[in-house]
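Colleague: I'm new to this one. Could you show it to me and walk me through it?

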Amino acid sequence: MASAKSPAQRVRRLRDEIAQADNNYYLLDRPTLPDAEYDRLMRELQVLEAEHPELITAESPTQRVGGTASRAFRQSRHAAPMLSLNNALNEAEVAAFDARARDGLARAREELNEVEYACELKFDGLAVNLRYENGELALGATRGDGAVGEDVTANIRTIRAIPLRLHARARVVPTVLEVRGEVMMFKREFERLNERQRAKDEREYSNPRNAAAGALRQLDPRITAERSLRFFAYGLGEMQGASEPPTHSDLLDWLVALGIPVAREREVANGIAGCLQFYQAVAQRRASLPYEIDGVVYRVNSRAQQQLLGFVSRAPRFAIAHKFPAQEAVTQLVGIEIQVGRTGALTPVARLAPVFVGGVTVTNATLHNEDEVRRKDVRIGDTVIVRRAGDVIPEIVAVVPERRPPNAPIFTMPALCPVCGSHVYREEGEAVARCTGGLVCAAQRKQALLHFASRRALDVEGLGDKLVDQLVDQGVVATPADLFKLGVGALAALDRMAEKSAANVVAGLARARTTTLPRFIYALGIRNVGESTARDLAHHFGKLDAIISATEDELLQVSDVGPIVAASIARFFSESHNREVVEQLRAAGVHWPESAPTRAPPGRFATKTFVITGTLPTLKREDAKAMIEDAGGKVAGSVSTKTDYVVAGEDAGSKLAKATALGVTIIDEAQLQKLLVQ
């Protein structure tokens with residue numbers, strides 16, 4: 001038996017003192033040892049272990065730092081998925097969440113007036129999963145895609161806030177315990193890190209979250225150890241060998257007893273009023289907190305009620321994140337550039353003097369459209385207020401007029417597309433300006449090709465997003481006509497394209513050469529021309545050349561074609577670039593039967609307007625839309641007094657509420673299909 005003065009006894013005593021100091025500092029936030037004394041104990045332990053290597057164990061605090069650098073992180077599949085939370089951006093959305101929770105519990109025969117919620121902070125860090133087996137830390141993994149993360153155990157072990165062994169003082173230590181939580185860097189440590197970066201003339205980190213994420217993914221754990229990362233737990237994954245506490249608040253208290261850090265800023269609230277009170281209190285203290293947060297989390301406190309409510313998609317029905325409002329900063333607008341989107345929309349983008357706002361350094365901000373620029377009177381050289389809310393694209397909120405330089409130029413939208421030179425237009429009643437070069441504009445190229453090859457257009461099998469990306473990015477295809485020049489050899493040379501796949505695409509293109517006039521018109525991607533309008537145009541004119549040469553007045557004679565649609569068609573064919581591509585497609589062998597003009601059959605739903613909302617049990621929304629249109633009906637995007645039917649699926653939202661208020665007939669998928677076969 002070892003004496004009291006033996007190295008083994010002294011090592012155990014040192015480890016206990018250091019572990020207690022770590023617990024007081026990281027878990028209780030009550031330091032009991034000066035830094036110099038802590039360092040002295042650590043050095044003594046390191047010396048003893050160097051002299052007696054047989055005493056070194058995996059849970060020793062000296063083993064948190066060191067080890068060899070890993071070549072790469074292996075994947076780690078989570079025993080239970082790490083789900084994300086849905087967001088609420090205002091009190092109305094919180095109220096809607098509370099109503100859904102009460103309704104769900106009522107359906108499960110849980111009678112209650114108010115739901116009891118556990119309220120916590122929403123940390124701005126990196127989600128991780130810690131797995132303890134028989135009380136010892138066995139694995140640390142990042143969230144990844146929710147199902148599979150990165151094994152960063154070596155780096156997790158360097159985080160002193162995370163115990164290597166669970167405390168035995170808890171009522172029971174499970175044989176398997178997975179703890180979900182957030183790794184983060186405190187503000188003061190982030191500032192110190194950037195001070196060191198500046199001293200070494202190295203790149204500074206933009207925000208604590210990125211610094212923490214970068215530290216946790218270091219290949220050398222010694223670098224991670226230098227970053228002073230922290231951890232707070234907020235939930236469980238897999239657990240064996242113990243019973244779950246009855247409430248979430250009890251769970252967090254139990255984790256503290258096990259030695260797992262949990263933020264002290266948490267409480268139990270009754271109903272939505274209690275939740276919002278917690279939100280307001282935290283919002284007032286947000287700036288003084290030692291770490292970054294971007295909101296609070298409300299979670300049904302009862303674990304049994306959580307099970308009753310369950311999950312939807314990749315998020316729980318029993319919890320929601322209430323995000324804080326946007327954060328703002330002041331900077332200078334140094335220029336305005338035009339971006340052309342995939343659909344041809346021209347968006348003015350502000351180029352800004354770099355400014356730190358909402359957790360990141362911002363250099364660009366959207367100006368939305370020309371009207372918005374006019375409304376805010378934004379000019380080049382202005383001092384502006386920039387807002388960034390969460391992951392939303394930064395925007396300019398307002399101008400500081402007293403700082404405006406003399407002769408600041410007024411912005412005007414260009415008359416020609418800056419990408420392809422086609423004319424720019426704005427439809428009446430719309431705020432967005434658009435390029436008319438749909439088939440030739442490089443900015444719209446990928447969108448145009450995907451639409452052209454889509455199932456309801458020319459239906460080219462195998463021509464999906466990834467292949468189109470390669471064809472465009474490598475300059476192989478510029479317009480839809482170029483698709484018909486592709487051969488098996490050229491396609492097989494692309495990444496992830498075997499010869500058989502290439503042959504299938506070429507065969508699909510060969511089949512697509514034979515089509516119908518409605519499909520071809522729809523495939524051209526003319527703005528405001530859907531399948532129904534394409535059919536009406538084909539029936540009315542019979543021949544493509546007649547449509548190309550038609551005036552707006554002649555187009556207005558087509559059933560359901562109004563001034564906006566007629567103008568869109570006329571503009572599209574007025575561009576010589578678009579007409580050239582049509583001729584190239586004909587030359588490539590794309591053909592269809594043409595006929596004398598006829599009137600389109602009215603169909604049984606010719607006078608009926610439908611709106612589809614929510615997720616239908618078996619039908620995709622586009623399939624339901626096609627079925628309605630094939631029967632002569634019209635599918636609108638919003639509910640109004642002119643709506644005849646609302647087809648509602650699961651999680652139908654505001655459209656269903658509006659339909660109920662207006663007294664519109666509401667049907668489900670089964671009722672829709674019954675109507676279609678009558």
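Modeller: Happy to! Residues are numbered from 1 along each chain as its sequence is written, and side-chain values use heavy atoms, leaving out hydrogens and water.

Colleague: Thanks. What is the mean pLDDT of the protein chain?

Modeller: The mean is 87, and 93% of the residues reach 70 or more. pLDDT is the predictor's confidence in each residue, from 0 to 100.

Colleague: And where is the pLDDT below 50?

Modeller: Over residues 65–71. That stretch has 14 contacts in the model beyond near neighbours in sequence, a contact being heavy atoms within 4.5 Å. Where pLDDT is low, the predicted coordinates should not be read in detail.

Colleague: Good to know. Let's pick a residue: where does Thr383 lie?

Modeller: Thr383 lies in strand E17, which covers residues 383–388.

Colleague: Why does Thr383 count as buried?

Modeller: Because its relative accessibility is 12%. Buried means under 20% relative accessible area, exposed over 50%, and partly exposed in between (1.4 Å probe, protein chains only).

Colleague: Which residues does Thr383 touch?

Modeller: Leaving aside residues up to four places away in sequence, Thr383 touches Val330, Thr331, Gln332, Val399, Val400 and Arg403.

Colleague: How about Gln444, where is that found?

Modeller: Gln444 sits in the loop between strand E20 (433–435) and helix H12 (445–453). Gln444 counts as buried because its relative accessibility is 6%. Its contacts, again not counting residues up to four places away in sequence, include Gly341, Arg342, Thr343 and Cys435.

Colleague: And Ala225, what does it count as?

Modeller: Partly exposed, because its relative accessibility is 24%. Ala225 is in helix H7 (residues 221–225).

Colleague: Let's move to sheets. What order does the open sheet of four strands have?

Modeller: The order is E22-E21-E23-E24, with parallel pairing. Two strands pair if DSSP finds at least two bridges between them. Strand E22 (634–636) and E24 are the edge strands, each pairing on one side only. On average, neighbouring strands in this sheet are turned by 30° against each other, direction ignored.

Colleague: What packs on the sheet?

Modeller: Helix H23 (residues 621–630) does, touching E21 and E22, and its direction makes about 170° with that of E21. Helix H25 (residues 669–677) also packs on the sheet, touching E21, E23 and E24, at about 100° to the direction of E24. The axes are lines fitted to C-alpha atoms, for helices over the stretch in contact, and angles run from 0 to 180 degrees between N-to-C directions.

Colleague: How many bridges pair E21 and E23?

Modeller: Four, in the parallel sense; Phe610, for instance, has Tyr645 in E23 as its bridge partner. Three bridges join E23 to strand E24 (residues 665–667), and Val647 is partnered there by Ile667.

Colleague: Which residues of E23 are buried?

Modeller: Tyr645 and Val647 on one side and Val646 and Ala648 on the other are all buried, leaving both faces of the strand covered. E23 also forms a right-handed β-α-β unit with helix H24 (residues 654–662) and E24. Right-handed here means that, with the strands pointing away from the viewer, the path from the first strand over the helix to the second runs clockwise.

Colleague: What about the open sheet of five strands, what order does it have?

Modeller: That one runs E2-E13-E10-E3-E9, with mixed pairing. Strand E2 (87–88) and E9 stand at the edges with a single partner strand each, so one side of each is left without a neighbour in the sheet. E2 runs parallel to strand E13 (residues 319–323), joined by two bridges, and Asn87 stands opposite Ala321. Helix H3 (residues 91–107) packs on this sheet, touching E2, E3, E10 and E13.

Colleague: Last one: which residues of helix H8 are buried?

Modeller: In H8 (residues 248–257) they are His248, Ser249, Leu251, Leu252, Trp254 and Leu255. Among the elements covering them are strand E7 (176–185) and helix H10 (303–309). Gly259 follows H8 and has a positive phi, near 95°.

Terms used:
Predicted model: local features only at pLDDT ≥ 70, side-chain atom pairs only at ≥ 80, totals over all residues.
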